[in-house]
Amino acid sequence: MTNPRRKMAALLCGAVMASAAGCSTHASVPADFCKVPVSKAALSPLIPDNGSVKQTHTALESQQGSACALSAGGQRVLYVDITRWDRAPDPADWKASAAPYKYAAERAVSFPGRAAIGSNGAVVQATCTSRAAYMSFGVDFFGDRVENTPTGYRKLQRFVNDFVPRATKKFHCTD
């Protein structure tokens with residue numbers, strides 16, 4: 001014979017668990033960012049677990065490029081400014097480029113180009129197939145997923161290594 005108090009406690013516990021699960025809204029990871037396909041493995045570490053995800057995309061008018069933002073739960077999480085330049089890049093002081101970001105340094109990337117990547121942002125130059133052209137990316141990362149530690153840059157680097165080569169293809173910079 002079962003104890004009625006145990007039965008009631010089990011029912012009450014089950015109801016509380018069911019209602020709690022129904023109340024949370026898990027952020028869905030989009031399949032693209034800035035109208036560029038991006039892997040969920042590269043984007044999901046940047047997005048908080050709760051809240052609806054929204055994106056904005058603005059095409060640049062003066063030249064090829066875009067400005068894009070991603071928000072989760074009403075808070076901006078990621079902002080990327082992309083510009084294609086039809087000239088050789090100016091020499092860059094990568095130490096100075098890294099200065100605004102926490103734990104930033106010039107880091108090896110998976111594509112032809114250079115990048116200063118920190119835990120909360122990055123500056124990237126991707127070389128186009130034509131040496132007389134390149135693309136610049138300014139990346140800002142916000143919110144509680146930023147890890148301001150010496151290894152915190154890794155999640156942003158994972159995103160940069162996935163996103164930048166796909167964006168350079170979109171803008172006909174690379175094949």
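1. In this predicted model, Arg145 and Asp49 form a salt bridge, with 3.8 Å between the closest N and O atoms. Arg145 sits in the loop between strand 9 (134-141) and helix 4 (153-170), and Asp49 in the loop between helix 2 (40-43) and strand 3 (53-59), so the pair ties together parts that are 96 residues apart in sequence. Arg145 is partly exposed, at 24% relative accessibility, whereas Asp49 is exposed, at 52%. The cut-off for a salt bridge is 4 Å, and the 3.8 Å separation of this pair should be read with that limit in mind.

2. The structure contains six salt bridges, and two further examples deserve mention. Arg84 pairs with Asp86, the closest N and O atoms lying 2.9 Å apart. Arg84 is buried, with a relative accessibility of 14%, while Asp86 is exposed, at 59%.

3. Lys155 forms a salt bridge with Glu147, the closest N and O atoms being 3.0 Å apart. With a relative accessible area of 10%, Lys155 is buried; Glu147 is partly exposed, at 36%.

4. Which strand holds Arg114, and what does this residue touch? Arg114 belongs to strand 7 and is partly exposed, at 38% relative accessibility. Leaving out residues up to four places away in sequence, Arg114 touches Trp94, Glu106, Val123, Val124 and Gln125. With Glu106 there is a side-chain polar contact of 2.7 Å. The C-alpha atoms of Arg114 and Thr127 are 8.3 Å apart, the two residues being separated by 13 positions along the chain.

5. In soluble globular proteins, nonpolar side chains tend to be buried together. Here the largest nonpolar core comprises 39 residues, and those with the most contacts inside it are Phe33, Leu43, Leu78, Val80, Phe137, Phe159 and Phe163. Two or more residues each come from helix 2, strand 4 (65-72), strand 5 (75-85), strand 7 (113-117), strand 8 (121-127), strand 9 and helix 4. Helix 4 supplies the largest share, seven residues.

6. Apart from neighbours within four places in sequence, Phe33 is in contact with Val38, Leu43, Gln55, Cys68, Ala69, Leu70, Leu78, Val80, Phe159 and Phe163. Among these partners, Leu43, Leu78, Val80, Phe159 and Phe163 are also listed with Phe33 as residues having the most contacts inside the core.

Key. Residues numbered from 1 in each chain as written. Predicted model: local features only at pLDDT ≥ 70, side-chain atom pairs only at ≥ 80, totals over all residues. Heavy atoms only, no water. Salt bridge = Lys/Arg side-chain N within 4 Å of Asp/Glu carboxyl O. Helix = DSSP H or I, 4+ residues; strand = E, 2+ residues; numbered from the N terminus. Buried < 20%, exposed > 50% of the residue type's maximum accessible area, 1.4 Å probe, protein only. Core = buried A, V, L, I, M, F, W, Y, C linked by side-chain atoms within 4.5 Å. Contact = heavy atoms within 4.5 Å. Polar contact = N/O pair within 3.5 Å; in protein donor to acceptor, adjacent residues only side chain to side chain.
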